[in-house]
Number of protein chains: 2
Amino acid sequence: MNYPFSDNVRSLNPSAIREILKYAADPEVVSLSAGNPAPEAFPVEAIQTITARLLAERPIDALQYSTTEGYGPLRARLREYMSDKHHVGSDDDEILITAGAQQVMGLAAKALVNRGDTVICECPSFVGALNSFRALGAQLVGVPVMPDGMDMDALEQTLKSHPHARFIYTIPNFQNPSGVTMSWEKRVHLYELAKRYGVLILEDNPYGELRFEGENVPAVKTLDKDGLVLYAGSFSKVLSPGLRVGYAIGPKPVLQKMVVCKQGEDVHTTILSQMICDEFMKTCDFEAHLKGLRDLYRHKAQLMLSLMDRYLVPCGVTYNPVQGGLFVWGTLPDGADMPKFCTLAVAEHKVAVVPGNAFLPDENEPCQSFRLNYSTPTDEDMVKGMKRLGAFAADFLK
Amino acid sequence: MNYPFSDNVRSLNPSAIREILKYAADPEVVSLSAGNPAPEAFPVEAIQTITARLLAERPIDALQYSTTEGYGPLRARLREYMSDKHHVGSDDDEILITAGAQQVMGLAAKALVNRGDTVICECPSFVGALNSFRALGAQLVGVPVMPDGMDMDALEQTLKSHPHARFIYTIPNFQNPSGVTMSWEKRVHLYELAKRYGVLILEDNPYGELRFEGENVPAVKTLDKDGLVLYAGSFSKVLSPGLRVGYAIGPKPVLQKMVVCKQGEDVHTTILSQMICDEFMKTCDFEAHLKGLRDLYRHKAQLMLSLMDRYLVPCGVTYNPVQGGLFVWGTLPDGADMPKFCTLAVAEHKVAVVPGNAFLPDENEPCQSFRLNYSTPTDEDMVKGMKRLGAFAADFLK
């Protein structure tokens, strides 16, 4: 049968990352292509204790249907935490618990995007978010990412030429894939432009708590006096991605529509997962846990950068500085064939990295960059993988 | 700010059931309006033991990112179980684990429906599914449900007048809300019509295992030689809805598109939940557990029907026979104002039922029916609620 796929999804294909990850399933391959937290980042004992207690004391609450908006105590705790610690959220905002921050992107697109509408995103940007916008028929328009965040002149030109853009999607901290953090001055500028052109901002901040160097930069959402910013947070990088718990904090009318859309997607987020997140924040030392994660990722990032300096920089590869998050963005010298480099690296040299064009609004645009991850591999595998990549690069780029 | 909601969701509002459920939060109100499994239906001890073991033996697997298609062992187990026990699924089919069966409806709509496309559904039907279709811009066209399922003449007329309908949505067993089961003859007829008119069938079967009377009727999917049926199953009614685990079995090309859409919605279903479902099927006596559920719901249904006979039938209320599932569909005599009946019942007489028009493709159509649930209330509350409803009905309908 010739299946009648919707116009939105007919051209939507599994992401290039997934194709790379298929190679990465080969046990001989060292994967620097994932985006998983380090296994040692999970507070396993605490989650064991909490889960046993929840299922012993409140099994029916943990197993029964719950409300679409999310588990009440977790919503209240996150509102207080995000307000007190990060100055995110006001009385004009609501909070919605979601199946990871990914669902915030999907619900925002469903609530705001008609087929053919423009969504402005960073170039490069997180392919999972881009695909969730594409699945609703969004036309993605990319704004180049510079070492201090989006190019604001290009953003203003884009806003002028796309006056009906539905929102601006940004990952301001340790952006996936570029690793870049947007400066405070650019955040203020971004907010001013959004206000002037009457366009919403979708601020995705999964890595914000993972700053292991430099000064914290407040969220764009801290500037929001006009109901312009929809903020997405997540437990995936700070507790566990498998639990699938994220959240949106944003203007009440937008959140209300997202709640109705979420009813039709999954009714509510797994309630046991929500209760585990709430109990972890309530009964464990969350700040000490975050400090442990920062120490862990500082170590792993420093190792990765030292390996870059040793094995890839001498071949002409450059990279963006890293102050947090999970990724390094490397760039091959002009003229090098990046897709071929990534394909041969995994197919012949058993080391997987992600070709940068996977993160472009238009995957067919030329791209010289690739993404490396340092959170998932063991230190030993990172060394082994980077040695392989360096040896291959020395040959490929000579 | 005047938020630029998409055309699809602008007119989408929280369901009428949710408004009723707000009243039902009043502890004085006896709720016969929910659709939750009975609290005593949860195998609490088994889930406690399984969860503790999983988190002790395989904590990283349970907490790390997983694959969009679902947990491999659960997918294999369900394929075998559904094939061996229910003859559902062939080599041309694939299986996808979802966040409850609700996500099957949302993903099917995203993959198949353009704004303005026709989706054919039963009238009445499950409002959560209807809303997931509406959220993608579907135009719902209802086909009346008779005591043995959809009116096949009306279905054929609808297929003729809507030649580009994207799919036919049906809940063939113990339909929500009508309680009706489609006869085998009508299932064959439905399949023939779908084949003749080249239209997919979305078969939603959350209650199929909860038959406590009469003979099992095989799924429409058992007839599928042509890749025409997308089947949705769920653990919500047979294990726990809070875990949010359901599944789709359907033609590979359709499932592939749904996988890409699911990546953009939630990346994957909570992995701990999937592992709990798999271990429960593997290590517990699933058939004995299902038998226990059937015994429980048989008892509760019989109690509800005896209360109907005693308190509502004498007032002129009629109801559909019940052989399984969670619901009874009552109908007021001609001329009675059903919405007023339901509103006064909860507001003044502290008993909540769901007005039937909530389940219509067009909620503004006239409707004489209402939905009663017998799975959620205790026996004592069921008696109390039905006494209240009967006393009110005797006055309201006199």
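Which residue is the bridge partner of B:Val119 in strand 6 of chain B? I looked it up, and the partner is B:Phe167.

**Ground rules.** The model is predicted, so I note that local features need pLDDT of at least 70, that side-chain atom pairs count only at pLDDT 80 or more, and that totals for chains, interfaces and linings use all residues. Residues are numbered from 1 along each chain as its sequence is written, chains are lettered from A and ligands numbered from 1 in the order in which they are written, and side-chain values use heavy atoms, with hydrogens and water left out.

**Sheet in chain B.** I traced the strands around that bridge. Strand 3 (residues 118-123) and strand 6 (residues 167-170) of chain B pair in the parallel sense, over three bridges. Two strands pair if DSSP finds at least two bridges between them. Helices (H or I, at least four residues) and strands (E, at least two) are DSSP runs, numbered from the N terminus. The open sheet has eight strands in chain B, in the order 2-9-8-7-6-3-4-5, and its pairing is mixed. Strand 2 (93-98) and strand 5 (149-150) of chain B are the edge strands, each pairing on one side only.

**Sheet in chain A.** I then took an open sheet of four strands in chain A, with order 10-11-14-13 and antiparallel pairing. Strand 10 (318-319) and strand 13 (354-355) of chain A stand at the edges with a single partner strand each, so one side of each has no neighbour in the sheet. Strand 13 and strand 14 (residues 369-373) of chain A pair in the antiparallel sense over two bridges. In strand 14 of chain A, A:Arg371 is the bridge partner of A:Val354.

**Symmetry.** I superposed the chains by least squares on the C-alpha atoms of residues with pLDDT of at least 70 in both. Chain A can be laid on chain B with an RMSD of 0.0 Å, by a turn of 180° and a shift of 0.0 Å along the axis. That is the relation of a two-fold axis. The same surface serves both copies, as 100% of the contact residues of chain A recur in chain B.

**Interface.** The contact (heavy atoms within 4.5 Å) takes 79 residues from chain A and 79 residues from chain B. The area buried between the chains is about 6,300 Å², and carbon and sulfur atoms give 61% of it. Buried area is the accessible area (1.4 Å probe) that two parts lose on being put together, summed over both.

How many salt bridges link chain A and chain B? The count is zero. A salt bridge is a side-chain nitrogen of Lys or Arg within 4 Å of a carboxyl oxygen of Asp or Glu.

**Salt bridges overall.** I picked A:Glu279 with A:Arg53, where the closest N and O atoms are 3.0 Å apart. A:Glu279 lies in helix 11 and A:Arg53 in helix 3 of chain A, so the pair ties together parts 226 residues apart in sequence.

**Backbone exceptions.** Most residues other than glycine have a negative phi, and most peptide bonds are trans. I logged the bond from A:Cys123 to A:Pro124 as cis, with omega near 10°. A:Pro124 sits in the loop between strand 3 (118-123) and helix 7 of chain A. The bond from B:Asn176 to B:Pro177 is also cis, with omega near 15°. B:Arg244 has a positive phi, near 60°.
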